[in-house]
Amino acid sequence: MKHKIGLAYLPGALPCFEGFGNLPTDIICEDGLVAGKPSSEILDMLIVPGGSLVESQTVKNGILREILKMSEVGKFVFGVCSGFQILSKRTDIGRLSAAPIIREGLGLLDVEFKPLICTDQVRATVVDKSYLTDNIGAEVRGFHCHTYGRISVGKSAKSILVSQTKRLNYRKDEQALVSGAANKEGNVVGTTVHSLLDQNPLIVEGITESLDISSEELQRIREENAKLQQKIKSEIGISTNICSKNQRAKKLQKAPLIVVTALCSGSGKTFIVTGLAAALKKRSFHVSVLKVGGDIRDLVPALYLIKEPIQCYSSIKIGESGWKPVFDAVHKAEKEYDFLIIEGAMSTFTGLLMDKVERPSSTVEVAAALGAATVVVVGCETEGIEGALVNTLNHVRLMQKLGLNVRGVIFNKMRMSYLTNEVRSLLTQALKNSGVELVGIVPRIDLVEGRGSIPEVEIRYEEFSFRALEIAEQYLDIDKIVSLATPSKKKMDYLAFSAKFKSALIEDYRFEKHR
């Protein structure tokens, strides 16, 4: 095979977050070598994927040296999201910080990044030429999933893509943002548009023409890519030597699913979902994770471990946030996977009282619409186990009154010194009397409390994700959770459900007042 295209395979990178047009033929690890030789001598193009490379600072001198050499000799370098940041001058990762926190890049692109959240599907316009395409004015598609999307392009670089965004920093905000840049020589390119190569044949055609790849060789490249993907996906995470069992044969019936929700935001849903998804992959399940609402960043730690891509249906639409209607999303996912985990947004009921919005507008409506087995994550760090238990029982009672299929509870961030056998027995019995199972008691983990380990601020996937897997295998009853999951069942009248919720609140209040 004449041409070789490399894919950086580093801790903190997301080599399966997208398919990169099925072009990569070789993986490049921290030493920068391909089959023992410098990648700058072997490769025609190197792709640096997204991830937490800037926050984690996991890109070592070996591969950095090869990236610089490839740039110097005119070979193609392509960075996506965090990979783009590595090629840039610098990134301010100080979101929610009183002062900037600067991470220096290689400076191959005269570009600087600042915090700006965008997690939406986007259209982008080609505004200048590069080896990706010379078709100025063409429209391309993809999605944004980033925290540092405010890009300024200096004099020694050129903007090549501009995205039309609809939501920024969680709010409706239509803007045109620079989302791609190239150096003046045109051989180094970066973009914040994920799935650019997958969704746009125009871009793949541009690359193959620039590299003078024939249609016959492109077929051979894709055959090599299929082998590479199989190899990559057999490992959980990156450079761990933790392998999953062979995936189960896909059954013809619907895949079972669970909805993971919480009493309040900050309870640890993402941490639990990440560990559970990886534990299921180790048990040979072909598992998919979906997110209620638009913040798909919450899915990335799980995808880092299970090596699955973001799909067009990964985000379930609620109100004005999200991508696909709930039934469209789930029906597509259950055709491809044999176990689905849906992570809720904020608390179970958040958004249910909102008027004049498109329904559904809350996690509880999504769970009810699907008739889905629901597991509630309960944070214990502020109210202790006593307050957490009381709130859980009230929460579960209201969910059941609304007809939800509540099946399990996970107490998270528990001070384990309080967990005597008597307390565990009390928790188990109290939940059992309410018709739900205790499926896990997870200790308070210092890792998830600090900056650098919170998806909404910044995150180091290799630390957050593997701690989540370790905790899930030690403290969750994985087999019981699997047994609770059931396929989706039914549809519902969202307006009637909202009215039923309001009525249930008033009835409970009257009962307490006049008892």
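1. About 50 Å³ of space lies in the second largest cavity of this predicted model, a cavity being, on a 1 Å grid over the protein atoms alone, a set of points where a 1.4 Å probe fits but cannot get out. The volume is the space filled by probe spheres set on the grid points, which are joined across faces, edges and corners. Among the residues that line this second largest cavity are Leu 7, Pro 15, Phe 20, Asn 225 and Ile 232, where a lining residue has an atom within 4 Å of a point. Helix 7 (residues 215–233) gives the most to this lining, with 4 residues; helices (H or I, at least four residues) and strands (E, at least two) are DSSP runs, numbered from the N terminus. By class, the lining has 7 nonpolar, 3 polar and 1 charged residues, with Ala, Val, Leu, Ile, Met, Phe, Trp, Tyr, Cys and Pro counted as nonpolar, Asp, Glu, Lys and Arg as charged, and the others, Gly among them, as polar.

2. Before going further, a word on how the model was read. Residues are numbered from 1 along each chain as its sequence is written, and side-chain values use heavy atoms, with hydrogens and water left out. Because the model is predicted, local features need pLDDT of at least 70 and side-chain atom pairs count only at pLDDT 80 or more, while totals for chains, interfaces and linings use all residues.

3. Helix 4 (82–87), helix 9 (300–306) and strand 24 (458–459) each supply at least two residues of the lining, which divides into 10 nonpolar, 7 polar and 3 charged residues.

4. The second largest pocket has about 640 Å³ of space, a pocket being an open set of points with protein on both sides within 12 Å along at least five of seven lines. Of its 28 lining residues, the closest to the centre are Asp 120, Gln 121, Val 122, Gly 142 and Phe 143. Strand 10 (121–126), strand 11 (139–143), strand 13 (157–168) and helix 5 (196–199) are the elements that give two or more residues to the lining, and the largest share, 5 residues, comes from strand 10. The lining of this pocket has 8 nonpolar, 10 polar and 10 charged residues.

5. As for the chain as a whole, its secondary structure comes to 16 helices and 24 strands. With 515 residues, a compact globule would have a radius of gyration near 24 Å, and the chain has 24 Å, which agrees; the radius is taken over C-alpha atoms, and the globule rule is 2.2 Å times the number of residues to the power 0.38. Along its principal axes the C-alpha trace spans about 80 × 50 × 45 Å.

6. Which order do the 7 strands of the open sheet with parallel pairing take? The order is 18-17-19-16-20-21-22, where two strands pair if DSSP finds at least two bridges between them. Strand 18 (315–316) and strand 22 (437–443) stand at the edges, each with a single partner strand, so one side of each is left without a neighbour in the sheet. Within this sheet, strand 17 (residues 287–292) and strand 19 (residues 339–343) run parallel and are joined by 5 bridges, with Val 289 standing opposite Ile 341 in strand 19. Helix 8 (residues 269–282) lies across several strands, including strand 16 (257–262), strand 17 and strand 19, and runs at about 170° to strand 19; contact means heavy atoms within 4.5 Å, and angles run from 0 to 180 degrees between N-to-C directions, with axes fitted to C-alpha atoms, for helices over the stretch in contact.

7. A further open sheet of 4 strands has the order 8-7-9-12, with mixed pairing. Its neighbouring strands are turned by 15° against each other on average, direction ignored. Strand 9 (residues 111–114) and strand 12 run antiparallel and are joined by 4 bridges, and Lys 114 stands opposite Arg 150 in strand 12.

8. Finally, strand 13 and strand 14 (residues 171–183) pair in the antiparallel sense over 10 bridges. These two strands form a hairpin with 2 residues between them, and Asn 169 in the turn has a positive phi of about 50°. In the hairpin of strand 14 and strand 15, which has 4 residues between the strands, Gly 186 takes a positive phi near 90°.
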